[in-house]
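Please open the model in your viewer and keep the selection tool at hand, as this tour moves from one selection to the next.

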Amino acid sequence: MSQVAIIGGGPAGLMAAEVLADAGLAVTLFEAMPTVGRKFLMAGKSGLNITHSEDHAALLTRYGAARPRLQKALDAFAAEDLRNWCAGLGIETFVGSSGRVFPKAMKASPLLRAWLGRLNEKGVLIHTRHRWTGFDGTKLRFETLDGEKVLAFDAVLLALGGASWPKLGSDAAWIPWLVEKSVAVEQFQPANCGFEIDWSESFVERFAGTPLKSVTATSAAGTIPGEFVVNRWGIEGSLVYAHSAALRDALLAGEPAVLEVDLMPGRSRERLAKDLARQPAKLSLSNRLRKGAGLDPVKAALLRECRPDANTLDPDALAAAIKSVPIRPQRPRPIAEAISSAGGIAFSGMDENFMLKTLPSVFVAGEMLDWEAPTGGYLLTACFATGRAAAEGLLDYLKVQR
């Protein structure tokens with residue numbers, strides 16, 4: 001019986017373990033942390049968004065430049081397959097109003113418990129507090145509570161995560177060990193992250209922590225509706241995350257990064273101009289914005305913050321300003337705070353089965369690969385799908401070796 005090692009106990013690694021165990025292999029999974037699935041559990045704290053219900057063609061567009069290399073894996077384990085897999089664990093899912101898919105219990109812990117129980121029944125051995133520290137020839141080195149261990153396997157699957165939330169295990173410590181084996185690794189960057197902005201002290205003191213609801217925001221990523229939060233250092237939230245790749249890439253290229261926010265997407269510029277023109281000239285700007293445009297205090301304050309000349313504008317120009325408030329991020333928040341990361345192992349360094357070209361018998365999956373996607377279930381969907389695809393590739397490799 002072939003002996004296979006999986007390093008990394010997140011969704012990609014656990015999914016790979018299931019596929020390999022089902023094929024009759026002896027599977028040992030190693031995890032550096034005291035327990036597996038820590039980032040998975042964190043993702044479920046506010047409701048585990050496990051995938052998205054939009055049609056498959058639309059879902060594929062969420063992966064940008066990496067789509068051609070991910071599509072085969074995503075086709076083989078699409079969102080509906082993932083929901084059926086959950087059902088097989090006794091976890092019923094539902095589609096929320098946004099199209100996102102959640103377990104009925106909303107939490108990740110019941111799913112993880114059921115999954116680990118099934119893996120145990122299939123004979124998967126899980127060793128926690130085993131930190132991979134690189135290669136010893138073709139063998140694997142691990143740092144454990146009992147000292148260093150050097151172990152040999154017929155094939156290895158790495159699912160070590162990216163570089164976001166390192167305290168949960170994804171610390172990218174693996175990069176030097178693969179680079180010294182001539183594996184190309186693109187620098188990690190924050191993805192689905194907040195951005196720092198030099199707000200005025202008065203704006204921060206009054207509005208830090210306040211959400212801006214029912215707005216749209218435009219960048220190179222397109223025009224997207226949603227909401228975001230103003231805080232002491234800048235902006236964050238789902239609408240910001242949807243634009244984070246475009247804003248980050250502009251900043252990296254030394255170009256202006258601007259998020260144009262429409263504070264009243266349900267009202268045309270012409271209608272706003274007419275409503276503002278009807279307001280008495282003696283009213284303060286705040287009252288004109290409240291009565292004429294329906295802006296709540298945080299929206300009115302954001303307009304004044306980003307357009308200091310707002311009080312001098314005529315109704316038509318003021319309406320135009322309301323429809324396009326320019327927020328100018330200075331820099332992304334640190335990658336350790338980001339929901340996910342961009343960068344990782346370059347697809348050019350692996351074959352179509354996710355095997356590393358310079359390390360035959362070593363396969364890779366999950367967030368350690370060079371792809372990114374917005375929040376909305378797309379991240380987990382690709383982690384599950386690449387875990388399965390890499391495991392299938394490993395099985396094909398072992399068949400050839402026999």
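Two strands are taken to pair here if DSSP finds at least two bridges between them. The model you are looking at is predicted, and that should be kept in mind at each stop.

**The whole chain**

The C-alpha trace spans about 85 × 40 × 35 Å along its principal axes, and of the 402 residues, 52% count as buried. If you display contacts between residues at least 6 apart in sequence, 69% of them join residues at least 24 apart.

**Strands 11 and 19**

Next select residues 185-191, which form strand 11, together with residues 340-345, which form strand 19. The two strands run antiparallel and are joined by five bridges; to see one of the pairings, select Pro-190, whose bridge partner in strand 19 is Ser-341. Is strand 19 enclosed by the rest of the structure or open? Six of its six residues are buried, so strand 19 is largely enclosed by the rest of the structure.

**The second largest pocket**

Now select Arg-62, Tyr-241, Ala-242, Ala-373 and Pro-374, which of the 36 lining residues lie nearest the centre of the second largest pocket. Colour helix 9 separately, as helix 9 gives the most to the lining, with nine residues. The volume of this pocket is about 880 Å³, and its lining residues divide into 17 nonpolar, eleven polar and eight charged.

**The cysteines**

Finally, show the cysteine side chains: the structure holds zero disulfides. Cys-306 is in no disulfide, and the nearest cysteine sulfur, that of Cys-193, is 18 Å away. With a relative accessibility of 18%, Cys-306 counts as buried, because the cut-off for that class is under 20%.

How values were computed: Residues numbered from 1 in each chain as written. Predicted model: local features only at pLDDT ≥ 70, side-chain atom pairs only at ≥ 80, totals over all residues. Heavy atoms only, no water. Buried < 20%, exposed > 50% of the residue type's maximum accessible area, 1.4 Å probe, protein only. Helix = DSSP H or I, 4+ residues; strand = E, 2+ residues; numbered from the N terminus. Disulfide = S-S within 2.5 Å. 1 Å grid on protein atoms, 1.4 Å probe; cavity = no way out; pocket = protein on both sides within 12 Å on 5 of 7 lines; lining within 4 Å. Points joined across faces, edges and corners; volume = space filled by probe spheres on them. Nonpolar A, V, L, I, M, F, W, Y, C, P; charged D, E, K, R; others polar. Contact = heavy atoms within 4.5 Å.
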